[in-house]
Amino acid sequence: MYKHRKTFWKTHGFTCIFGLFLLLMLKLYYSQTDSDGLLWLLAPTAFWIRTLSGISWEYLPHVGYVNHSFQFVIAASCSGIQFGIVTAASLLFSFLPRIRGRKEGLVWLGISFAASYMFTILVNGFRILLSLYLPLYLQDLGKSQHLNGWLTPERLHTIIGIVAYFGSLMMLFLITEALFQEADHSFSPLILKQNPLLASNMRWLWPAFWYFTIVLGLPLLNRAYQRNRQPFTEYALTVLSVCLPILLLFAIVSKALTRGKRS
């Protein structure tokens, strides 16, 4: 473990820089490619959805996987690559301080990116199925009039994506945290006090930090809000209004688990 931050950067400085470089390259690649360049995500996602539901897809070059019955396209924007970037960043940087050696840190970098790839396909498949079936379910319930008011089909699609991505990201973090604590029985309060990077009962906020940074922070730095001020503002408010209740729920659960451990 690390008694000082200086020791951490000496051990894992290269891993952090290289991981950040890979994340930025993925973000840049996503901004400049279309569905053809994202087949490594779109193809397994379409296969996963077909396995779960039996829905067949037809691939159209430069467009994506199309289903004419549902009038739905799994395009580049539906690839989930941004969620994959968020997941990789959350896994890598949240748990790297728990890795003791430099080589183990590089291995964890590879695990973080591989796990984020598989997790993205898993979650994205469920997200797309929700986007397909939930509007139909609301129509069967006679709630379709709500989709003509504030909750338009586009807003419903956005909310489904935020709930699926952000909720699953928080769950993945908690599961990984539990696995690390189970694997390291020598983890003690003394070690926590000596290592500020680990000593926090609010560690579950790390995935939220990476989610907001990549989903909202980078577009702000890129001045996306200046080019599309109203859509970006609406999207940012939707993200916050959906994520904050989820964070509150996790705060309550985390506090209850902490009390349970102490008792």
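## Aromatic pairs

Rings of Phe, Tyr and Trp (its six-membered ring) are taken as a pair if their centres lie within 6.5 Å, and the pair counts as stacked with planes under 30 degrees apart, as edge-to-face over 60, and as tilted for the rest. A search of the whole structure finds 19 such aromatic pairs. The model is a predicted one, in which local features need pLDDT of at least 70 and side-chain atom pairs count only at pLDDT 80 or more, while totals for chains, interfaces and linings use all residues. Residues are numbered from 1 along each chain as its sequence is written, and side-chain values use heavy atoms, with hydrogens and water left out.

One of the pairs is formed by Phe83 and Phe119, which are tilted, with 5.9 Å centre to centre and 35° between the planes. Because Phe83 lies in helix H3 and Phe119 in helix H4, this pair ties together parts that are 36 residues apart in sequence; helices here are DSSP runs (H or I, at least four residues) and strands likewise (E, at least two), numbered from the N terminus. Phe83 counts as buried at 3% relative accessibility, and Phe119 is buried too, with a relative accessible area of 16%, where buried means under 20% relative accessible area, exposed over 50% and partly exposed in between (1.4 Å probe, protein chains only).

## The nonpolar core

A nonpolar core is a set of buried Ala, Val, Leu, Ile, Met, Phe, Trp, Tyr and Cys residues joined through side-chain atoms within 4.5 Å. The largest one has 60 residues, and those with the most contacts inside it include Trp57, Trp108, Tyr211 and Phe212. Its largest share, ten residues, comes from H3.

H3 is mostly covered, as 14 of its 15 residues are buried. At 1.5 Å a residue (the expected span is 1.5 Å times one less than the number of residues), H3 should span 21 Å, and its end C-alpha atoms are 21 Å apart, which agrees.

Ser112 is found in helix H4 and counts as buried, at 0% relative accessibility. Leaving aside neighbours within four places in sequence, Ser112 is in contact (heavy atoms within 4.5 Å) with Ala88, Leu91 and Leu92. Ser112 and Gly84 are 28 residues apart in sequence and 10.0 Å apart in space, C-alpha to C-alpha.
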